[in-house]
Amino acid sequence: MRKIKDFAHGALVPVLVLILWEACSRAGLFSAVVMPAPSAVAAKWWAYLLPAQAQEAGQSWLAWAFSGELLHDAYSSLYRVIAGFIIGAGLALPLGLLMGANTRIYALFNPLMQILRPIPPIAYIPLAILWFGLGNPPSFFLIAIGAFFPVLMNTIAGVRQVDGIYLRAARNLGVGQWTMFTRVILPAATPYILAGVRIGIGTAFIVVIVSEMIAVNDGLGFRILEAREFMWSDKIIAGMITIGLLGLAIDTAVSRLNNHLLRWHRGLEH
Amino acid sequence: MSSPILIDNVQKVFKTPGGDVVALKDINLTIQPGEFVCLLGPSGCGKSTLLNAVAGFQAPSDGQIVIDQKAIRSPGPDRGMVFQEYALFPWMSVAQNIAFGLEVQKKEKAEIGLVVNQLLDLLHLKDFRDRFPKDLSGGMRQRVAIARVLALDSPIMLMDEPFGALDALTRRNLQDELLRIWEKLGKTILFVTHSIEESIYLADRIVVMTYRPGTVKRDQIVAMPRPRDPASPAFNDLKRELGRLVMEEQQRHADAEMKLAAVD
Ligand SMILES: Nc1ncnc2c1ncn2[C@@H]1O[C@H](COP(=O)(O)OP(=O)(O)OP(=O)(O)O)[C@@H](O)[C@H]1O
Ligand SMILES: [Mg+2]
């Protein structure tokens, strides 16, 4: 009951905006090409979601469902986010652990990192195309850069804040260097690292949309740019809403993962 | 197999911007196997410094600590330490915390399971085996910390004000448990406290320390049979006597602070 009430409360403003928007469109306040009515956007979104052709004989249900443009695009974008993120975070995590744990390694790498960090991933687009041509690789590269720095900075901070008492307790138990890293420092730093992961995924998601506008011919970013060329504003907005939904889904998934991995952590109930 | 702890002419000087702090000076002690020794003294007299030197966390500036004919250079599982702040690994469950030291030693799974179950029994932790430390009370956490050290099966147990943060009842309860375990397992225990009553309740021998430089002020054997009654005359005589010694040092501490404050 309470949940329903909360939901109704949260839905109030969006519903009002939609009604106002629809009313303005119907009253002819703005042209349908520039700003389509929400009902038109919803219809377009539905058409975008449905498979283009009827299910063929022998085609699996899943393959048929994904032959619809929207799911195919969402899948392509998600694939790029995940692949790029794994590359970026996969490099940032070990480097961050080393830089956090060892002041000499930190002093060695920190100047370079501080110079590279302020460069927005978008600024790498020309280089990305020059180096990797078209297709997925430049996207992976850009997304990896977007994910790299948040994970790196948070991992360094995470390792540095590990309470010395855990290190002493572990040394007292006879823990060697490797075990100290894997079973003490890494888990003690996870709250920070996961905060970095969350920011990194967010950045990756921004970068994937931009990167799809330049070098590939599917994905949500590509689709809304393509729709602009045909002046399909309803499809642009339908695509944007899909981006929002996918972003929300990713963030929810990461936050669930957080809660699970940090179930030992004081700051979290559940 | 167990050998005494020989503390041989140990000094510890901390270099600080405000000048050298002589935390320990001319400490000579021999702690026999199976002995329960309390280090007693006011705050800042060097109790933790001495314990950390025995643990191997901080080498003395001079002198040495010898166990089994070897000078201590680094921490090790032959000298399990229980910290005042518990220092349990919060990302491990109770059972995992206890098992960790054995996993480090690459013991077999079955053996680890056996030892962990025994210790959960011994410390009445059975119902908590899969809890995380954040869900335990202070007393429970300290039980886990004790179990974690007992899992190492080390002959020596070092404890730095392990019950300092607990309420009086829990504290008495854990003191009794500790005595029960000590009598059962025959460990050598070096126990830091600034509670006079706690030291008389527990120890075979109480080493009272002076404040800056930290030296041995009194090496007091406690001959009363256990369980000791804190209301008994003998207990209270000793308490008064040690109280006087500690107060003298406390006073020197306070005077030193006053002098420092006056300089500022
Ligand atoms: N790393 C350090 N650098 C400088 N001085 C130190 C350091 N560690 C301890 N000291 C000083 O050495 C003295 C002894 O400290 P220690 O921590 O051993 O005292 P303690 O008896 O354990 O006190 P408490 O009961 O408060 O724990 C104190 O005066 C303290 O200020
Ligand atoms: Mg201390």
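Predicted model: local features only at pLDDT ≥ 70, side-chain atom pairs only at ≥ 80, totals over all residues.
Chain B is split into domain 1, which is made of residues 1-78 together with 155-230, and domain 2, which covers 88-153. Their C-alpha centres are 24 Å apart, and the contact draws on 16 residues of domain 1 of chain B and 13 residues of domain 2 of chain B.

Turning to area, the two domains of chain B bury about 1,200 Å² between them, and 68% of that lies on carbon and sulfur atoms. On the side of domain 1 of chain B, the three residues B:P77, B:L174 and B:I181 account for 32% of the area buried against domain 2, which is more than any other three residues supply.

There is also a polar part to this contact, with two salt bridges counted between domain 1 and domain 2 of chain B, and with four residue pairs in polar contact, both residues being at pLDDT 80 or more. As for which elements of domain 1 of chain B are involved on the side that touches domain 2, those giving two or more residues are β7 (156-160) and α5 (168-185) of chain B, and α5(B) provides the largest share, eight residues. By residue class, that side of domain 1 of chain B consists of ten nonpolar, two polar and four charged residues.

Finally, for anyone who wants a specific pair to look at in the viewer, the side chains of B:R143 and B:E177 form a salt bridge, at 3.2 Å from N to O.

How values were computed: Residues numbered from 1 in each chain as written. Chains lettered and ligands numbered in written order. Heavy atoms only, no water. Domains from an automatic or database assignment. Contact = heavy atoms within 4.5 Å. Buried area = accessible area lost by both parts, 1.4 Å probe. Salt bridge = Lys/Arg side-chain N within 4 Å of Asp/Glu carboxyl O. Polar contact = N/O pair within 3.5 Å; in protein donor to acceptor, adjacent residues only side chain to side chain. Helix = DSSP H or I, 4+ residues; strand = E, 2+ residues; numbered from the N terminus. Nonpolar A, V, L, I, M, F, W, Y, C, P; charged D, E, K, R; others polar.
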